[in-house]
Amino acid sequence: MLNWIEILGYAASVLVAVSLTMNSLAKLRFLNLLGAIAFASYGWLVDAYPVLAVNGFIAVVNTVYLLRMRPGRSVAFELLPLAHPDNRYFRRFVEFHATDIARLFPSFRADELEEVHVVFILRDMLPVGVVVCRRQDNEDLVVLLDYVIPSYRDFQCARYFYRSWSEVIDCKGVCRFVVRRPVEAHQPYLEKMGYGHDPQLGTEVFTRPA
């Protein structure tokens, strides 16, 4: 029968293993931190000092990075508009993340973009997200793609875009953003960003004031 020290060792292994399955970098580091603390404690209890030392170091590293990622920390955001959707980096970015983009935006086609605005979201100068939208009916900006890579999906990128979009997109007279027929997995994000149903447009259309 397992004693509590052995259970601690197994629990540490599970935490480390589960941490490696996380898309979110913050969740990965947090679970890995818990696993490292558990492993360090296990090493101390069984006199395995190399295990204690290595996992103590890992715990410190994870703590430092989590403090850097904490909410409220000053992060440098910037929006970078592209002159044309044929931009080679944009094409490569979409191609690299094609599987995830197709899951969230199954109707998006990078090779069928005309008269659109393409804006990269930079975070600490890293291109971590991209928004593609098209003006329609003068007052609407229809969002065709609003994608952030998994490890940066903490809503900060999206909030920055919706605060600052008018600085890089010249769309005078636009009153609202429109998303048509979003997949179910994308709807909680839209609601978090202030989107809702417009009774006149039906339940498959989400809108947000510009």
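Buried means under 20% relative accessible area, exposed over 50%, and partly exposed in between, with a 1.4 Å probe and protein chains only. The model is predicted, so local features need pLDDT of at least 70 and side-chain atom pairs count only at pLDDT 80 or more, while totals for chains, interfaces and linings use all residues. Residues are numbered from 1 along each chain as its sequence is written, and side-chain values use heavy atoms, leaving out hydrogens and water.

**View 1. Trp-4 and a nonpolar surface patch.** Trp-4 lies in helix α1, residues 4-19 (helices are DSSP runs of H or I, at least four residues, and strands are runs of E, at least two, numbered from the N terminus). Trp-4 counts as exposed because its relative accessibility is 57%. Together with Trp-44, Leu-45, Val-46 and Tyr-49, Trp-4 makes a nonpolar surface patch of about 570 Å². Patch residues have over 30% relative accessible area and no salt bridge; like charges are joined within 9 Å, and nonpolar side chains (Val, Leu, Ile, Met, Phe, Trp, Tyr) within 5 Å. A salt bridge is a side-chain nitrogen of Lys or Arg within 4 Å of a carboxyl oxygen of Asp or Glu. Accessible areas come from the Shrake-Rupley method with a 1.4 Å probe; for residues, only the protein chains shown count as cover.

**View 2. Pro-106 in a loop.** The loop with Pro-106 runs between α5 (98-104) and β2 (117-123). With 44% relative accessibility, Pro-106 counts as partly exposed. Not counting residues up to four places away in sequence, Pro-106 touches Ile-101 and Val-183 (contact means heavy atoms within 4.5 Å).

**View 3. Asp-198 in strand β6.** Strand β6 covers residues 196-198. Asp-198 counts as buried, since its relative accessibility is 15%.
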